[in-house]
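Hi everyone, thanks for coming along. Let me put the structure on the screen, and then we can walk around it together.

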Amino acid sequence: MNGEQLPDRGHLAAQSRRHFLRTAGAGAAILATGGRAEEGITARVRNPLLRTPLALLIDDSCPVINLGWHWIQQRHRWRQRLHPGTEASGWERFHDKLGSMERTVPADFAREWGEWCGEQGIRGKFSMVPFPAGAGRIDQSFPGHPAGELREWLRVTREIIQPNFDITPEILSHTGVVDLKTWQLTDAWEQYEWVDPPVDQLTDYLTASLQLLKNAGIACDGITSPGAFGKKKEEAYARAALEAAVQVTGNLRPFYFLWVRDKEDPDTPLWHVDKNRGRAIASVIPGTGDWFGGSGYDPSEPDRFIAEDLEHGRVPELLRKELPTILLGHWPCFSANGAPGFKTLKTVKRRLDALDPDRTHTLWVKTSEIGRYEMAKKLSEITIAPTTDPAASSLTLVTKFPTANFTLTLNRTAKRFQFGSTDLRQVNSIRDFRAGTFLTDGPTTHVAFDLPEGITNLLATWTG
Ligand SMILES: [Zn+2]
């Protein structure tokens, strides 16, 4: 923000605009101010369409097999072999249930789940572990399982799940680290030993995980960490994830999921920002624990997300703060052991619908949309300047970080809003507020539009 005095209107046409524009600067573009100094016109970037983003993150999903069964079996064998006599922890605590646990998840079930989520308008992220537990490569085959199952799983993923969920690898095997020369699992675990991964191997490892999915016809929007993979080397991990995404899918603005914040306020940190090339990677952070039931044997507790009174629980708390609200779940509890997580999801969704019956407060989005919106919010330059018409102001946005549903609130009442040469439609209710419209609200005006890459000009004509 510069503190220059603005000249009076009479001088405007004759002078270069940049002398009297006020900009939001390079930092958080939460506020842009402009117009004559005494007018103090401000623009604040809001949540998309003034609604709080909601998303569902599903971890540990993979084709054909139940990763839960394989993970527990491999971890149990690993401990008996290398650390006999030590205590089982995590999901391995359920190793005595291996005999009755489902070893596979039918593609038909994934279709049913994906169709239900689609009908409900649920969006988010769905992992596809590309070489799950070393049982088979998603771009080749799962030995011992009918070939048609993998084919059908891939069809369901592409046609039914991917329209509503970003697909990410959850690195490679989600059990042992894979030796990329032999495609054998090693004794190091992705989520344990590789909490602190060897930096020089990271890009190749992440590239391999994205490439397997690409070979199988699935373009990924980001990367999911199995457990704490990469936590002790986040800077290098984020860099490798961005490099791998650019290399394999050409995605310059991907996201990764590594952290969970079920008590403090979650945010959306951006890493390795290159404003000139329009490159960055977002760390997308759920604000809940997995209270759907994890392995299928952990407690499944809808009230911890949202209680029956619609007031208690973590989700209402996050929505009240208007923070992106990302719910975390693990696929085994949605698909195995009687699917307790699926029942909980149905309860949670029913309550969320009751909380926001006309969808004026919340907006289900894919996880990638949360990352891209944060980039547009933080990395776009917004300037407001007077025009030769004393009742009008021009807004200029310059960005390499496009996003859908970009929403600003200005502290003046507009009677007309033009986006380039197009008139935006004025609406009278937030119910009808969408990209390409504006809505006045007492002394303020909300305006929403899809923000393209490059320069965007808007012209606001004020009442009075
Ligand atoms: Zn996982």
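Let's begin with F126, which counts as buried at 0% relative accessibility. By buried I mean under 20% relative accessible area, with exposed over 50% and partly exposed in between, using a 1.4 Å probe on protein chains only. F126 is found in strand β5. Strands here are DSSP runs of E with at least two residues, helices are runs of H or I with at least four, and both are numbered from the N terminus.

A word on the ground rules. This is a predicted model, where local features need pLDDT of at least 70 and side-chain atom pairs count only at pLDDT 80 or more, while totals for chains, interfaces and linings use all residues. Residues are numbered from 1 along each chain as its sequence is written, and side-chain values use heavy atoms, with hydrogens and water left out.

Back to F126. Which residues does F126 touch, not counting residues up to four places away in sequence? The list is I58, S61, W113, W153, I161, F165, D166, I167, T168 and W331, where contact means heavy atoms within 4.5 Å. For a sense of scale, the C-alpha atoms of F126 and I41 are separated by 42 Å, and these two residues are 85 apart along the chain.

F126 also belongs to a cluster linked by ring pairs, together with F109, W113, W116, W153, F165, W291, F292, F305, W331, F334 and F342. Rings of Phe, Tyr and Trp (its six-membered ring) pair if their centres lie within 6.5 Å; planes under 30 degrees apart count as stacked, over 60 as edge-to-face and the rest as tilted.

How many aromatic pairs does a search of the whole structure find? The search gives 28. One of them is edge-to-face: F131 and W183, with 5.3 Å centre to centre and 80 degrees between the planes. F131 lies in the loop between β5 (124-127) and α3 (147-161), and W183 in the loop between β7 (176-179) and β8 (184-189), so this pair ties together parts that are 52 residues apart in sequence. F131 is buried at a relative accessible area of 6%, whereas W183 is partly exposed at 22%.

Now please look at F292 and F334, a tilted pair with 5.0 Å centre to centre and 50 degrees between the planes. Here too, distant parts of the chain are linked: F292 sits in the loop between β12 (279-283) and α6 (302-305), F334 in helix α8 (residues 331-335), and they are 42 residues apart. Both F292 and F334 are buried.

Some rings also have a charge over them, which requires NZ of Lys or CZ of Arg within 6 Å of the ring centre and within 35 degrees of the ring normal. R137 lies over the face of W183, 4.4 Å from the ring centre. K346 has its charged end over the ring of F342, at 4.1 Å from the centre.

On to the metal. Which protein donors does the zinc ion have? They are D60 (OD), E170 (OE) and H174 (NE2), lying 1.9 to 2.1 Å from the zinc ion. Donors are N, O and S atoms within 2.8 Å of the metal (3.2 Å for Na, K and Ca), and water is not among the atoms, so sites may look incomplete. Along the chain, the spacing of the donors is D-x109-E-x3-H.

E170 is buried at 1% relative accessibility, H174 is buried at 4%, and D60 is buried with a relative accessible area of 5%. D60 lies in the loop between β4 (52-59) and α1 (67-82), and its phi is near 70 degrees, a positive value in a residue other than glycine.

N337 is another non-glycine residue with a positive phi, about 50 degrees. You can find N337 in the loop between α8 and α9, and at 34% relative accessibility N337 counts as partly exposed.

Last stop, helix α9 (residues 340-355), which is the place of R351. Is R351 buried or exposed? R351 is buried, with a relative accessible area of 12%. Leaving aside residues up to four places away in sequence, R351 touches P302, D303, I306, A307, E308 and L310.
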